[in-house]
Amino acid sequence: MSAEGQRPAAGGRDGVAVLKQVGRTTTVVASGMMTMNLLTYGFTLLAAHLLGPVAFGGLTAILGVLIIANVGSVALQTTGARRLATALGGEHAGTRRDVVRSGWFVSAGVALLLGAAAPLMWFLLRIHDPVALALLAVSGVPLTISGAYSGIAQGDRRWPALSAIYLATGAGRMVCGAAALVVSATLRSAVVGVTVGSVVAAVVGWVLCRPPRHGEQSTPRSLPLMSEMWRNGHTLLALFAFTNLDVLVARHLLTHHQAGIYAAGAVITKACMFLPTFVLVVAFPTMAARRRGRPWLLPAVAICVLGGGAMLVVWALPWLAVDFAGGRAYADLTGVAWVFAFEGTAFALLQLLTYDTIAGQAHLAGVLWAGVVVALAVTLAFAHSVGAVVATVSAVAVVLTLLTAVASSRRHGQRPFSVPGQP
């Protein structure tokens, strides 16, 4: 047989090898992230049972603020991963050091901002525990620096190391948080556990991904990296603010009991939002390095499949969803549980498309901030129940997702929602 005749077979074998590699990579990252999410959920479920609706509503509000503050960590991870994925061979060591150096500056800034925001959280979120608010500021440091190490692992495609950091994040919160709650089932103890647990992931990241002390100079790249991280952080802050707005509004607008019910519903939302995150993590370096067509399309299909399955289960078995979210004390959630699942899937798609804009350095933060303003205005004016708040924010999320998809398609010269390959 001629060499030409053998090429298709070789190409086929190469294609199978690539698919196997993608499968292994996805399995490693998915295992780490899903285990992290399960452990984090385990802590949330334990807190829901031990604290009760009132104190659990306060904890959920604190965790919502922490997620928004975690934008510094995610911006570090995203920027570091994008820089390493597109860097030339001789630039990698310097870029790694820049990411870690930037991480310490950002972590200090996050801690200061959280400390300065404590009076606002005292009055607006009715969290009247100065120790818990102080610990919230402290926890911003290890959480942020963990993002720097995660970005190094993701950008270098060191998937086992990234998976280990994710595992440490979940295990730290579950083990330390559970121990603190068992000792004392109070809001303060829960925040102590979260703070101590966040240190675990930072230590694991340092052990696995710390850059060498010596190598090529990195100073010329530091300022551009910080500038890009600022732009990415602005976009991610808008995303995080929008996807956590409803919990904070519910805490402010509804009664303590209703806010606790909403906090349990938010567990379902976050589960459906973070369930397919491994798809985004694996796809992001490729989205950054290869910008033709619509690189978000196949990951979006995967997210829709996973989210659709979750919505179907919650709709068919609402009592199971309520047990998942917190137990019999949250039985009022039964009628609207599926709406929270829908909201989480919409958030996951919006997150994917936001990362696509970051990968191409074409930011749409203004659109996300506009969504925050619209959702806030409508909920404060018209939504005065658990179902009304989640339905309003879900509708705005769908509109934002469609607008972002259209903008991405036009940016790549594609007709919105056309089949790839069509003119």
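**View 1. Contacts across the whole predicted chain.** Take the contacts between residues with a separation of 6 or more: 85% of them join residues 24 or more positions apart. Keep in mind that this is a predicted model. As for secondary structure, the chain has 15 helices and zero strands.

View 2. The chain runs to 423 residues, and 53% of them count as buried.

**View 3. Helix α2, residues 71-86.** Is α2 enclosed or open? With 15 of its 16 residues buried, α2 is largely enclosed by the rest of the structure.

**View 4. The second largest pocket.** Here we're looking at about 1100 Å³ of space. The lining takes in 32 residues, and those closest to the pocket centre are Ile68, Ala69, Val71, Leu113 and Leu237. Elements that give two or more residues to this lining are α1 (3-69), α2, α3 (92-116), α4 (118-124), α8 (219-253) and α14 (365-382).

**View 5. Who lines the second largest pocket, and with what?** Which helix gives the most to the lining? That's α8, with eleven residues. Sorted by class, the lining of this pocket holds 27 nonpolar and five polar residues, and no charged ones.

Definitions and conventions: Residues numbered from 1 in each chain as written. Predicted model: local features only at pLDDT ≥ 70, side-chain atom pairs only at ≥ 80, totals over all residues. Heavy atoms only, no water. Helix = DSSP H or I, 4+ residues; strand = E, 2+ residues; numbered from the N terminus. Buried < 20%, exposed > 50% of the residue type's maximum accessible area, 1.4 Å probe, protein only. Contact = heavy atoms within 4.5 Å. Expected span 1.5 Å × (residues − 1). 1 Å grid on protein atoms, 1.4 Å probe; cavity = no way out; pocket = protein on both sides within 12 Å on 5 of 7 lines; lining within 4 Å. Points joined across faces, edges and corners; volume = space filled by probe spheres on them. Nonpolar A, V, L, I, M, F, W, Y, C, P; charged D, E, K, R; others polar.
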